[in-house]
Amino acid sequence: MKPVLKVFTAEAIRTLDRRAAEHGVAPLLLMESAGRGAAAEISAWNRGLATGRVLAVCGKGGNGGDALSATRWLGLAGADVQAVVLGTPHGPTAEQERAFRASFPDRLVAIRRAAELNVLRTRIAEADLVLDGILGIGLAQGARGLARGAIEIVVASGSPVVALDLPSGLVADCGAVPGPAVRAELTLAMGALKPCHLLPPAAGLCGEARVVDVAYPPSVWDEVSPVAHVVDASFCGSLLPRRPRFGHKGTFGKILVVAGAVGMAGAAALCAEGALRAGAGLVHVLCPEPVFPIVAALLPEALVHPGRAADGMLSPEAAAEAVRRAQEMDLVVVGPGLGRGPGPKEVVHALVASGVPLVVDADALFALAQDPSLLRAGHGEIILTPHVGEFARLAAVDPDEAMSDKIRWARGMARSSRATVVLKGPPTAVSGGGDVYLTTTGNTALAHGGSGDVLAGMIGGLWAGGATPLAAAVVGAYVHGLAAELATAGASERAALPRDVVGSLPWAFASIEPEPRRDS
Ligand SMILES: NC(=O)C1=CN([C@@H]2O[C@H](COP(=O)(O)OP(=O)(O)OC[C@H]3O[C@@H](n4cnc5c(N)ncnc54)[C@H](O)[C@@H]3O)[C@@H](O)[C@H]2O)[C@@H](O)CC1
Ligand SMILES: [K+]
């Protein structure tokens, strides 16, 4: 079983191509393996469309060659195939053009000028399925010229599209959509996933993304490093902290949750429950005195302490108590529903300065963003759990840029702050400054206020239970998403709430726990 799915940049794929050629594997052999694999995948995906009228729209580069090869194989299997080639192909793509003409005479038309694009319009109207081979990883900016015209025609046609490697018009290495781009029902990533298959908004144009094997010599994979890893259940299961059979509540970690304000008592309760359900032995909550009875009533398992309050929030005077209580714990989760003002700011700054291990979430991220230098000066271990908006404020970057390039940004902030960064999803990107891990579990049930509070608590619970900060963050994000999926099995994503998600955690954890579930 593959523990993780690796994600590669366009540059890494070009290195694979180059090294394969240096090992003596001709580009045409790679292209043919990609094309044949794509044809098999398309047939498995929808046999009816794969044996109907199939039109390949091909650029002059390698992506066009993939489409010509795949379509030739579909034609050999009985499909009624046509190809439109834009411009004059070179290299292996020219070989593919010759092979296509030889196999299906009069079924290939070459377009050299924009004025001839009407041919494409006519052919598309007659097709049941379009294979998009206009542009692949060769695109670094918005498509221009013939390619752009062809993309616009494919989009306007509304025909079902299978994209080869990536929907034309996308840039492989990020989720940005720099110009007109094809919307595919199925995208066949050649050799490996690229960031555009995972990151919004580009990932929204890929439809279902599947990987097609390309016949690289196995050794060349060792010569490139993935830019990210998509984690799965077995990988997360292997990262779970062990639960010794004779363990007691002290064995599994003591956590202080510093959270809540008037009107946001639920955030503190959801966070504490997330920590308990992620396995923490003891969870204390420090919240402003006015909400103390509510938090205590919401969660009988937590030990709740009333903190000094001003304006319905913790007051600056509560900072000393927060630090004192923190020092008796394994770690602190600070931020959910904490509010914004001098009290929360003072509390957060004092906790960061104290050096206690911290999960910093929500309003505590806001307090940190007011003085990010504090983060770099802090000497304790810190996990930051921002959503894109919070991240943008902390890193002083445009939110759209942070979202579409979150692999790079998560790693960059982890490096500059020396914290573990959880840049929340979908997908969620986690990095401790080295590898970046993506979790793709979850659904729109998580798009309700309160979800993040549960996640911050879970990460704290896993960390206190013995996971490394990176493992706690990865497993927390993965299982949080799984719990949302379980909470919506046979139920509506719109109606499932964070408390349903938190209630599904026992089953979500069970689905990743390796057997046996306990150590003796
Ligand atoms: N070894 C190989 O030959 C393999 C090729 N593969 C395929 O080859 C693709 C990469 O091939 P290429 O490097 O030729 O790249 P592409 O096929 O993505 O496109 C390159 C072409 O696009 C044009 N172009 C670049 N920027 C443009 C812009 N802004 N507007 C319009 N046109 C633009 C270039 O002039 C060039 O002709 C992969 O995506 C994949 O589909 C893979 O199947 C793996 C094996
Ligand atoms: K394409």
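Reader: Which residues in helix 2 meet Gly62, Gly65, Asp66, Ser69, Ala70, Trp73 and Leu74 in helix 4?

Author: In this predicted model, the contact of helix 2 with helix 4 has, by class, eight nonpolar, four polar and three charged residues. The partners that helix 2 brings to those residues of helix 4 are Met31, Glu32, Ala34, Gly35, Arg36, Ala38, Ala39 and Ile42.

Reader: Which helix gives the most to the shell around ligand 1?

Author: The shell around ligand 1 draws at least two residues from each of helix 2 (27-45), helix 4 (62-76) and helix 7 (145-157). With four residues, the helix that gives the most to this shell is helix 2.

Reader: How many residues surround ligand 1, and which are the closest?

Author: By class, the shell around ligand 1 divides into 13 nonpolar, nine polar and five charged residues. Ligand 1 is surrounded by 27 residues, and the closest are Gly61, Gly62, Asn63, Gly136 and Gly138.

Reader: What is the angle at which helix 18 and helix 19 pack?

Author: Helix 18 covers residues 451-464 and helix 19 covers residues 469-487, and their axes are 8 Å apart. Helix 18 passes helix 19 in a right-handed crossing, and the two are oblique to each other. The angle between helix 18 and helix 19 is about 135°.

Reader: Which residues in helix 19 meet helix 18?

Author: From helix 18, the contact takes in Val454, Leu455, Met458, Ile459, Leu462 and Trp463. The residues of this contact of helix 18 with helix 19 divide into 12 nonpolar, two polar and no charged. On the side of helix 19, the residues are Pro469, Ala472, Ala473, Val475, Gly476, Ala477, Val479 and His480.

Reader: Is the crossing of helix 11 and helix 12 left-handed or right-handed?

Author: The axes of helix 11 (residues 318-326) and helix 12 (residues 342-354) come within 8 Å and cross at roughly 35°. Ala318, Ala319, Ala322, Val323 and Ala326 of helix 11 make the contact with Gly343, Glu346, Val347, Ala350, Leu351 and Ser354 of helix 12, and by class these residues are eight nonpolar, two polar and one charged. The crossing of helix 11 and helix 12 is right-handed.

Reader: Where is proline 426 found, and what is the omega of the cis peptide bond that joins glycine 425 to it?

Author: Most peptide bonds are trans. Proline 426 lies in the loop between strand 18 (420-423) and strand 19 (428-431). The bond that joins glycine 425 and proline 426 is cis, and its omega is about 10°.

Reader: What is the phi of aspartate 106?

Author: Most residues other than glycine have a negative phi. Aspartate 106 is found in the loop between helix 5 (91-103) and strand 4 (108-111). Although aspartate 106 is not a glycine, its phi is positive, at about 70°.

Reader: What pLDDT does the protein average?

Author: The predictor gives the complex an ipTM of 0.95 and a pTM of 0.95. Of the residues, 98% score at least 70, and the protein averages a pLDDT of 95.

Conventions: Residues are numbered from 1 along each chain as its sequence is written. Chains are lettered from A and ligands numbered from 1 in the order in which they are written. This is a predicted model: local features need pLDDT of at least 70, side-chain atom pairs count only at pLDDT 80 or more; totals for chains, interfaces and linings use all residues. Axes are lines fitted to C-alpha atoms, for helices over the stretch in contact, and angles run from 0 to 180 degrees between N-to-C directions. Angles under 35 degrees count as roughly parallel, over 145 as roughly antiparallel, 65 to 115 as roughly perpendicular and the rest as oblique. A crossing is left-handed if the near helix is turned anticlockwise from the far one by less than a right angle, and right-handed if clockwise. Two residues are in contact if their C-beta atoms, placed from the backbone, lie within 7 Å. Ala, Val, Leu, Ile, Met, Phe, Trp, Tyr, Cys and Pro count as nonpolar, Asp, Glu, Lys and Arg as charged, and the others, Gly among them, as polar. A residue is near a molecule or strand if its C-beta atom, placed from the backbone, lies within 6 Å of it. pLDDT is the predictor's confidence in each residue, from 0 to 100.
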